[in-house]
Amino acid sequence: MSPESYVQEKTAASGSSFYYAFLFLSKDKRAAISAFYAFCREVDDVVDEVSDPSVAAQKLAWWEKEVQAAFAGQDLAQRHPVLRALMPYAPTYGITAAHLQAVIQGCQMDLQQNRYLDFPALEKYCDLVAGVVGEVAARIFSYSNPRTMAYAYKLGLAFQLTNIIRDVGEDAARGRIYLPVNDLQQFAVPVSEINNRVYSERFKALMQFQAQRAHQLYDEALALLPPEDFRAQKPGLMMAAIYRDLLREIERDGFQVLQQRTSLTPLRKLWLAWKVQALGRI
(Lines give C-alpha, C1' and ligand atoms only; values in the text may rest on other atoms or scores of the structure.)
Protein backbone atom coordinates (compact mmCIF):
# COMPACT_ATOMS: atom_id res chain seq x y z
CA MET A 1 0.00 0.00 0.00
CA SER A 2 1.35 3.43 -0.92
CA PRO A 3 1.71 6.15 1.75
CA GLU A 4 -1.03 8.12 -0.02
CA SER A 5 -3.44 5.18 0.08
CA TYR A 6 -2.53 4.52 3.71
CA VAL A 7 -3.45 8.02 4.91
CA GLN A 8 -6.61 8.16 2.81
CA GLU A 9 -7.76 4.85 4.29
CA LYS A 10 -6.83 5.99 7.80
CA THR A 11 -8.78 9.22 7.39
CA ALA A 12 -11.87 7.63 5.86
CA ALA A 13 -11.94 4.75 8.38
CA SER A 14 -11.86 7.14 11.35
CA GLY A 15 -15.38 8.37 10.60
CA SER A 16 -14.25 11.84 11.62
CA SER A 17 -16.33 14.89 10.89
CA PHE A 18 -13.19 16.40 9.36
CA TYR A 19 -13.36 13.92 6.47
CA TYR A 20 -16.44 15.60 5.01
CA ALA A 21 -14.73 18.98 4.90
CA PHE A 22 -11.69 17.45 3.18
CA LEU A 23 -13.88 16.36 0.26
CA PHE A 24 -14.26 19.96 -0.91
CA LEU A 25 -10.51 20.69 -1.09
CA SER A 26 -8.22 20.67 -4.11
CA LYS A 27 -6.20 17.51 -4.69
CA ASP A 28 -2.96 18.74 -3.11
CA LYS A 29 -4.64 20.35 -0.10
CA ARG A 30 -6.74 17.24 0.46
CA ALA A 31 -3.61 15.08 0.32
CA ALA A 32 -1.77 17.35 2.77
CA ILE A 33 -4.58 17.63 5.32
CA SER A 34 -5.31 13.89 5.09
CA ALA A 35 -1.65 13.08 5.81
CA PHE A 36 -1.56 15.50 8.74
CA TYR A 37 -4.83 14.18 10.13
CA ALA A 38 -3.58 10.57 9.78
CA PHE A 39 -0.47 11.56 11.75
CA CYS A 40 -2.64 12.99 14.54
CA ARG A 41 -4.74 9.81 14.58
CA GLU A 42 -1.68 7.55 14.74
CA VAL A 43 -0.25 9.43 17.71
CA ASP A 44 -3.59 9.71 19.51
CA ASP A 45 -4.25 5.99 19.03
CA VAL A 46 -1.08 5.23 20.98
CA VAL A 47 -2.64 6.74 24.10
CA ASP A 48 -6.11 5.31 23.54
CA GLU A 49 -5.23 1.78 22.43
CA VAL A 50 -2.01 0.87 24.29
CA SER A 51 -2.97 -0.24 27.79
CA ASP A 52 0.53 -0.23 29.29
CA PRO A 53 1.59 3.41 29.93
CA SER A 54 5.30 2.56 29.72
CA VAL A 55 4.82 0.96 26.30
CA ALA A 56 2.75 3.94 25.15
CA ALA A 57 5.50 6.30 26.33
CA GLN A 58 8.06 4.32 24.34
CA LYS A 59 5.90 4.49 21.23
CA LEU A 60 5.47 8.26 21.56
CA ALA A 61 9.24 8.62 22.03
CA TRP A 62 9.65 6.62 18.82
CA TRP A 63 7.31 9.04 17.05
CA GLU A 64 9.39 11.97 18.29
CA LYS A 65 12.47 10.42 16.71
CA GLU A 66 10.57 9.66 13.49
CA VAL A 67 9.54 13.30 13.16
CA GLN A 68 13.08 14.51 13.88
CA ALA A 69 14.50 12.14 11.26
CA ALA A 70 11.91 13.08 8.65
CA PHE A 71 12.50 16.82 8.98
CA ALA A 72 16.25 16.26 9.04
CA GLY A 73 15.91 14.56 5.64
CA GLN A 74 17.11 11.20 6.89
CA ASP A 75 16.11 8.44 4.46
CA LEU A 76 12.43 9.36 4.02
CA ALA A 77 11.77 6.01 2.35
CA GLN A 78 12.33 4.33 5.74
CA ARG A 79 9.95 6.60 7.65
CA HIS A 80 6.37 5.79 8.69
CA PRO A 81 3.83 6.03 5.82
CA VAL A 82 2.07 9.09 7.28
CA LEU A 83 5.33 11.03 7.33
CA ARG A 84 6.23 9.87 3.84
CA ALA A 85 2.83 11.17 2.69
CA LEU A 86 3.10 14.44 4.63
CA MET A 87 6.69 15.56 4.07
CA PRO A 88 6.33 16.54 0.37
CA TYR A 89 3.73 19.14 1.45
CA ALA A 90 5.46 20.45 4.59
CA PRO A 91 7.49 23.21 2.85
CA THR A 92 4.53 24.32 0.73
CA TYR A 93 2.20 24.83 3.69
CA GLY A 94 4.70 25.85 6.36
CA ILE A 95 4.30 22.69 8.44
CA THR A 96 7.23 22.35 10.85
CA ALA A 97 8.63 19.66 13.10
CA ALA A 98 7.52 21.82 16.06
CA HIS A 99 3.89 21.48 14.95
CA LEU A 100 4.08 17.68 14.96
CA GLN A 101 6.10 17.52 18.16
CA ALA A 102 3.47 19.66 19.91
CA VAL A 103 0.79 17.09 19.04
CA ILE A 104 3.02 14.34 20.44
CA GLN A 105 3.64 16.38 23.61
CA GLY A 106 -0.10 16.74 24.09
CA CYS A 107 -0.52 12.98 23.90
CA GLN A 108 2.35 12.52 26.35
CA MET A 109 0.39 14.68 28.78
CA ASP A 110 -2.36 12.05 28.70
CA LEU A 111 0.14 9.53 30.10
CA GLN A 112 1.32 11.88 32.83
CA GLN A 113 -1.85 13.68 33.87
CA ASN A 114 -5.51 12.62 33.98
CA ARG A 115 -7.02 15.55 35.90
CA TYR A 116 -6.93 19.35 35.44
CA LEU A 117 -7.44 21.77 38.31
CA ASP A 118 -9.13 24.53 36.30
CA PHE A 119 -9.89 25.62 32.76
CA PRO A 120 -6.59 27.51 32.22
CA ALA A 121 -4.74 24.25 33.01
CA LEU A 122 -6.99 22.30 30.65
CA GLU A 123 -6.52 24.98 27.99
CA LYS A 124 -2.75 24.36 27.97
CA TYR A 125 -3.43 20.73 27.10
CA CYS A 126 -5.97 21.73 24.44
CA ASP A 127 -3.44 24.13 22.93
CA LEU A 128 -1.18 21.18 22.10
CA VAL A 129 -3.71 18.61 20.92
CA ALA A 130 -6.14 20.98 19.20
CA GLY A 131 -4.91 24.57 18.89
CA VAL A 132 -1.82 23.53 16.94
CA VAL A 133 -3.96 21.24 14.80
CA GLY A 134 -6.21 24.18 13.95
CA GLU A 135 -3.19 26.28 13.02
CA VAL A 136 -1.75 23.64 10.68
CA ALA A 137 -5.15 23.09 9.05
CA ALA A 138 -5.53 26.84 8.45
CA ARG A 139 -2.08 26.94 6.86
CA ILE A 140 -3.07 24.16 4.47
CA PHE A 141 -6.38 25.83 3.60
CA SER A 142 -4.36 29.07 2.96
CA TYR A 143 -4.73 32.55 4.45
CA SER A 144 -3.59 36.12 3.85
CA ASN A 145 -4.33 37.84 7.18
CA PRO A 146 -2.29 36.80 10.27
CA ARG A 147 -5.46 37.14 12.39
CA THR A 148 -6.66 33.94 10.75
CA MET A 149 -4.17 32.02 12.90
CA ALA A 150 -5.87 33.30 16.06
CA TYR A 151 -9.24 32.24 14.63
CA ALA A 152 -7.95 28.77 13.77
CA TYR A 153 -6.32 28.29 17.15
CA LYS A 154 -9.48 29.22 19.05
CA LEU A 155 -11.65 27.10 16.76
CA GLY A 156 -9.41 24.12 17.54
CA LEU A 157 -10.05 24.70 21.26
CA ALA A 158 -13.81 24.75 20.63
CA PHE A 159 -13.53 21.43 18.77
CA GLN A 160 -11.57 19.88 21.62
CA LEU A 161 -14.08 21.01 24.25
CA THR A 162 -16.83 19.50 22.12
CA ASN A 163 -14.88 16.24 22.03
CA ILE A 164 -14.41 16.33 25.79
CA ILE A 165 -18.15 16.84 26.34
CA ARG A 166 -19.04 14.03 23.92
CA ASP A 167 -16.50 11.57 25.38
CA VAL A 168 -16.96 12.01 29.14
CA GLY A 169 -18.03 8.38 29.61
CA GLU A 170 -15.41 6.89 27.30
CA ASP A 171 -12.61 8.96 28.81
CA ALA A 172 -13.64 8.01 32.35
CA ALA A 173 -13.42 4.35 31.35
CA ARG A 174 -9.80 5.03 30.36
CA GLY A 175 -9.12 6.68 33.72
CA ARG A 176 -9.15 10.25 32.41
CA ILE A 177 -11.53 13.06 33.38
CA TYR A 178 -10.90 16.28 31.50
CA LEU A 179 -13.65 18.29 33.20
CA PRO A 180 -11.81 20.78 35.45
CA VAL A 181 -11.74 19.92 39.14
CA ASN A 182 -13.03 23.32 40.22
CA ASP A 183 -16.01 22.94 37.85
CA LEU A 184 -16.82 19.55 39.37
CA GLN A 185 -16.68 21.14 42.80
CA GLN A 186 -18.81 24.11 41.77
CA PHE A 187 -21.61 21.78 40.62
CA ALA A 188 -21.09 19.24 43.43
CA VAL A 189 -20.35 16.36 41.06
CA PRO A 190 -17.84 13.96 42.63
CA VAL A 191 -15.49 11.96 40.42
CA SER A 192 -17.00 8.76 41.78
CA GLU A 193 -20.36 9.61 40.19
CA ILE A 194 -18.75 10.06 36.79
CA ASN A 195 -16.79 6.83 37.13
CA ASN A 196 -19.99 5.01 38.13
CA ARG A 197 -22.03 6.63 35.34
CA VAL A 198 -24.39 8.39 37.77
CA TYR A 199 -26.54 10.84 35.82
CA SER A 200 -28.10 13.67 37.83
CA GLU A 201 -29.43 17.17 37.47
CA ARG A 202 -26.14 18.35 38.98
CA PHE A 203 -24.23 16.55 36.22
CA LYS A 204 -26.55 18.00 33.58
CA ALA A 205 -25.95 21.52 34.94
CA LEU A 206 -22.19 20.89 34.90
CA MET A 207 -22.31 19.80 31.27
CA GLN A 208 -24.46 22.75 30.27
CA PHE A 209 -21.78 24.97 31.77
CA GLN A 210 -19.15 23.19 29.65
CA ALA A 211 -21.32 23.55 26.53
CA GLN A 212 -21.75 27.28 27.12
CA ARG A 213 -17.97 27.63 27.36
CA ALA A 214 -17.59 25.78 24.05
CA HIS A 215 -20.26 27.93 22.37
CA GLN A 216 -18.43 31.04 23.56
CA LEU A 217 -15.23 29.77 21.98
CA TYR A 218 -17.03 29.10 18.69
CA ASP A 219 -18.44 32.65 18.73
CA GLU A 220 -15.06 34.17 19.58
CA ALA A 221 -13.30 32.16 16.87
CA LEU A 222 -15.78 33.11 14.15
CA ALA A 223 -15.53 36.78 15.16
CA LEU A 224 -11.76 36.61 14.63
CA LEU A 225 -11.90 35.31 11.05
CA PRO A 226 -11.00 38.15 8.65
CA PRO A 227 -13.53 38.54 5.80
CA GLU A 228 -10.80 38.25 3.17
CA ASP A 229 -9.95 34.73 4.34
CA PHE A 230 -13.52 33.48 4.65
CA ARG A 231 -13.53 31.69 1.29
CA ALA A 232 -10.15 30.00 1.82
CA GLN A 233 -11.13 28.87 5.31
CA LYS A 234 -14.44 27.29 4.26
CA PRO A 235 -13.21 23.76 5.14
CA GLY A 236 -12.63 24.88 8.73
CA LEU A 237 -16.05 26.49 8.77
CA MET A 238 -17.55 23.22 7.55
CA MET A 239 -15.91 21.49 10.51
CA ALA A 240 -17.32 24.19 12.80
CA ALA A 241 -20.81 23.67 11.40
CA ILE A 242 -20.60 19.91 11.94
CA TYR A 243 -19.03 20.07 15.40
CA ARG A 244 -21.38 22.75 16.66
CA ASP A 245 -24.36 20.80 15.38
CA LEU A 246 -23.01 17.79 17.28
CA LEU A 247 -22.76 19.92 20.43
CA ARG A 248 -26.35 21.06 20.01
CA GLU A 249 -27.45 17.45 19.49
CA ILE A 250 -25.78 16.50 22.77
CA GLU A 251 -27.61 19.39 24.44
CA ARG A 252 -30.94 18.27 22.97
CA ASP A 253 -30.30 14.77 24.34
CA GLY A 254 -29.84 16.21 27.82
CA PHE A 255 -26.11 15.39 27.96
CA GLN A 256 -26.53 11.61 28.02
CA VAL A 257 -22.78 11.27 27.55
CA LEU A 258 -22.03 8.91 30.41
CA GLN A 259 -23.69 5.91 28.77
CA GLN A 260 -23.51 6.74 25.06
CA ARG A 261 -21.51 8.53 22.38
CA THR A 262 -23.63 10.94 20.39
CA SER A 263 -22.80 11.19 16.69
CA LEU A 264 -24.25 12.64 13.50
CA THR A 265 -25.09 10.54 10.47
CA PRO A 266 -22.75 10.75 7.45
CA LEU A 267 -25.57 12.28 5.38
CA ARG A 268 -26.14 15.00 7.95
CA LYS A 269 -22.42 15.81 8.07
CA LEU A 270 -22.26 15.98 4.29
CA TRP A 271 -25.33 18.25 4.21
CA LEU A 272 -23.81 20.63 6.77
CA ALA A 273 -20.53 20.75 4.84
CA TRP A 274 -22.32 21.36 1.53
CA LYS A 275 -24.40 24.13 3.08
CA VAL A 276 -21.25 26.03 4.02
CA GLN A 277 -19.74 25.44 0.59
CA ALA A 278 -22.84 26.45 -1.36
CA LEU A 279 -24.49 29.05 0.87
CA GLY A 280 -21.49 30.39 2.75
CA ARG A 281 -22.99 30.16 6.21
CA ILE A 282 -22.85 27.83 9.20
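Trainee: How do I describe the way helix H3 and helix H8 pack, and at what angle do they lie?

Mentor: Two packed helices are described by the angle between their axes and by the distance between those axes. In this model, which is predicted, helix H3 (residues 27–49) and helix H8 (residues 119–141) pack at an angle of about 165 degrees, and their axes are 9 Å apart. Angles over 145 degrees count as roughly antiparallel, and H3 and H8 are therefore roughly antiparallel to each other. The crossing in which H3 passes H8 is right-handed.

Trainee: Which residues make the contact of H3 with H8?

Mentor: On the side of H3 they are Lys-29, Ala-32, Ile-33, Phe-36 and Cys-40, while H8 brings Val-133, Val-136, Ala-137, Ile-140 and Phe-141. Sorted by class, the contact of H3 with H8 has nine nonpolar residues, no polar ones and one charged.

Trainee: And how does H3 lie against helix H4?

Mentor: The axes of H3 and helix H4 (residues 53–71) come within 8 Å and cross at roughly 155 degrees, which makes H3 roughly antiparallel to H4. Here H3 uses Phe-39, Glu-42, Val-43, Val-46 and Val-47, and these meet Ala-56, Lys-59, Leu-60, Trp-63 and Val-67 of H4. The residues of this contact divide into eight nonpolar, no polar and two charged.

Trainee: Let us turn to helix H9. How do I check its length, and is it largely enclosed or open?

Mentor: For the length, one sets the expected span against the distance between the end C-alpha atoms: at 1.5 Å a residue, the 20 residues of H9 (residues 147–166) should span 28 Å, and the end C-alpha atoms are 29 Å apart, which agrees.

Trainee: What does Thr-148 touch?

Mentor: Thr-148 lies in helix H9 and, at 0% relative accessibility, counts as buried. Not counting residues up to four places away in sequence, Thr-148 touches Tyr-143, Leu-225, Pro-226, Asp-229 and Gln-233.

Trainee: How do H9 and H14 cross?

Mentor: Their axes come within 10 Å, and the crossing is at roughly 30 degrees. Angles under 35 degrees count as roughly parallel, and H9 and H14 are therefore roughly parallel to each other. H9 passes H14 in a left-handed crossing. Among the residues making the contact are Tyr-151, Leu-155 and Phe-159 of H9 and Leu-237, Met-239 and Tyr-243 of H14. By class, the residues of the contact of H9 with H14 are 11 nonpolar, three polar and one charged.

Trainee: Where is Asp-245 placed, and is this residue buried or exposed?

Mentor: Asp-245 is in helix H14 (residues 234–252), and Asp-245 is buried, with a relative accessible area of 14%. Leaving aside neighbours within four places in sequence, Asp-245 is in contact with Arg-252, Leu-264, Arg-268 and Leu-272.

Trainee: What should I note about the loop residue Arg-176?

Mentor: Arg-176 is in the loop between helix H10 (168–173) and helix H11 (181–186), and at 6% relative accessibility this residue counts as buried. A separation along the chain can also be set beside a distance in space: Arg-176 and Arg-115 are 61 residues apart in sequence and 6.7 Å apart, C-alpha to C-alpha. Beyond residues up to four places away in sequence, Arg-176 touches Val-47, Asp-48, Asp-110, Asn-114 and Asp-171.

Trainee: Where does Thr-96 lie?

Mentor: Thr-96 lies in the loop between helix H6 (90–93) and helix H7 (97–112) and, at 36% relative accessibility, counts as partly exposed. The C-alpha atoms of Thr-96 and Phe-71, which are 25 residues apart along the chain, are separated by 7.9 Å.

Trainee: Last, what is the phi of Ser-142, and what is that of Arg-197?

Mentor: Ser-142 has a positive phi of about 95 degrees although it is not a glycine; Ser-142 lies in the loop between H8 and H9 and is partly exposed, with a relative accessible area of 28%. Arg-197, also a residue other than glycine, has a positive phi near 60 degrees. Arg-197 is in the loop between helix H12 (191–195) and helix H13 (201–224), and with a relative accessible area of 25% Arg-197 is partly exposed.

Definitions and conventions
Residues are numbered from 1 along each chain as its sequence is written. This is a predicted model: local features need pLDDT of at least 70, side-chain atom pairs count only at pLDDT 80 or more; totals for chains, interfaces and linings use all residues. Side-chain values use heavy atoms; hydrogens and water are left out. Axes are lines fitted to C-alpha atoms, for helices over the stretch in contact, and angles run from 0 to 180 degrees between N-to-C directions. Helices (H or I, at least four residues) and strands (E, at least two) are DSSP runs, numbered from the N terminus. Angles under 35 degrees count as roughly parallel, over 145 as roughly antiparallel, 65 to 115 as roughly perpendicular and the rest as oblique. A crossing is left-handed if the near helix is turned anticlockwise from the far one by less than a right angle, and right-handed if clockwise. Contact means heavy atoms within 4.5 Å. Ala, Val, Leu, Ile, Met, Phe, Trp, Tyr, Cys and Pro count as nonpolar, Asp, Glu, Lys and Arg as charged, and the others, Gly among them, as polar. The expected span of a helix is 1.5 Å times one less than its number of residues. Buried means under 20% relative accessible area, exposed over 50%, partly exposed in between (1.4 Å probe, protein chains only).
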